Amino acid sequence: MGKRRLALCAGVLTVTAFGPAACAAYAADGGDVSVVPAAPVPGADIALRVTGCDAREAVAQSPALVSDARLTPDDGDGLAGDGRVRSTLTAGTYTVTVDGTEHKGTVEVVRKQAPAAGAEPSAHPSPVAPVNAGGGGAARVFADGRERHGPGAAQTVVALALAGTAALTVHRAARRQARRGRGTG
């Protein structure tokens with residue numbers, strides 16, 4: 001029961017979030033190629049869908065896309081695929097064609113919104129501390145400039161005590177084995 005409820009909620013959320021955008025994109029295209037989101041910014045990922053195409057696979061082409069988008073069968077009666085809008089693109093409307101000129105649509109690229117004056121980004125664009133990579137986190141040890149050589153005195157004493165205990169145990173086991181061997185003969 002829990003899985004069905006989760007699937008139903010996810011479906012309703014998807015339709016609510018993407019339904020109006022997909023309908024708007026389809027209506028604005030005037031063709032049978034739809035683009036979601038309807039008005040992407042340069043560098044954005046988009047989803048392409050074509051209906052009424054009998055092919056099992058197709059290619060969507062546009063000067064707005066970084067590369068041709070491969071379209072494959074989706075759950076419905078069409079083909080779908082993903083693409084990326086060129087990051088150097090200027091705002092405007094660009095034609096999208098599938099398999100040459102058989103299926104057409106448009107994508108309207110909008111300008112990126114400039115951040116408000118005085119607004120600062122919520123995250124740093126690059127790392128601000130040494131990264132725990134290589135040597136199991138040794139970057140933090142060497143970042144302060146001090147190097148440590150070998151184990152300290154406490155580790156040495158513990159290691160010697162463990163080695164001595166192991167040697168004594170092996171010696172006692174060997175003596176017991178030797179006594180058992182003499183007494184039975």
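I call a residue buried under 20% relative accessible area, exposed over 50%, and partly exposed in between, using a 1.4 Å probe and protein chains only. I start with E57, which counts as partly exposed because its relative accessibility is 46%.

**Ground rules**

I am reading a predicted model, where local features need pLDDT of at least 70, side-chain atom pairs count only at pLDDT 80 or more, and totals for chains, interfaces and linings use all residues. Residues are numbered from 1 along each chain as its sequence is written, and side-chain values use heavy atoms, with hydrogens and water left out.

**Overall layout**

I looked up the secondary structure next. The chain has 3 helices and 7 strands. I take helices (H or I, at least four residues) and strands (E, at least two) as DSSP runs, numbered from the N terminus. Along the sequence I read α-β-β-β-β-β-β-β-α-α. Of the 185 residues in the chain, 21% are buried.

**Strand pairing**

I then asked how the strands pair, which takes at least two DSSP bridges between them. Strand β1 (residues 33-36) runs antiparallel to β2, and 4 bridges join them. S34 has R49 in β2 as its bridge partner. β2 also pairs with β5 in the antiparallel sense, over 7 bridges. Here I found A47 opposite D82 in β5.

**Salt bridges**

How many salt bridges does the structure hold? I count 3. The test is a side-chain nitrogen of Lys or Arg within 4 Å of a carboxyl oxygen of Asp or Glu. Side chains of opposite charge can pair when their charged atoms come close.

I took D45 and R84 to begin with. Their side chains meet in a salt bridge at 2.7 Å, N to O. D45 lies in strand β2 (residues 45-51) and R84 in strand β5 (residues 78-84), so the pair ties together parts that are 39 residues apart in sequence. D45 is partly exposed, with a relative accessible area of 49%. R84 is partly exposed too, at 44%.

I went on to R49 and D74. This salt bridge spans 2.5 Å, N to O. R49 sits in strand β2 and D74 in the loop between β4 (69-73) and β5, so the pair ties together parts 25 residues apart in sequence. I note R49 as partly exposed, because its relative accessibility is 26%. D74 is also partly exposed, at 22%.

Then I came back to E57. Its salt bridge partner is R70, and the closest N and O atoms are 2.8 Å apart. R70 counts as exposed, because its relative accessibility is 54%.

**A charged patch**

Which residues gather in a patch of positive charge on the surface? I list R172, R175, R176, R179, R180 and R182. A patch takes residues with over 30% relative accessible area and no salt bridge, and like charges are joined within 9 Å. I picked R176 and placed it in helix α3 (residues 153-183). R176 is partly exposed, with a relative accessible area of 47%.

**A tyrosine in β6**

Is Y94 buried or exposed? Y94 is buried, because its relative accessible area is 16%. I found Y94 in strand β6 (residues 92-98). Y94 and S62 are 32 residues apart in sequence, yet 7.0 Å apart in space, C-alpha to C-alpha.

Note on methods. Patch = residues over 30% accessible without salt bridge, like charges linked within 9 Å, V, L, I, M, F, W, Y side chains within 5 Å. Areas by Shrake-Rupley, 256 points an atom, 1.4 Å probe, with all protein chains shown as cover. Lys, Arg positive; Asp, Glu negative; His and termini not counted. Charge placed at Lys NZ, Arg CZ, Asp CG, Glu CD.
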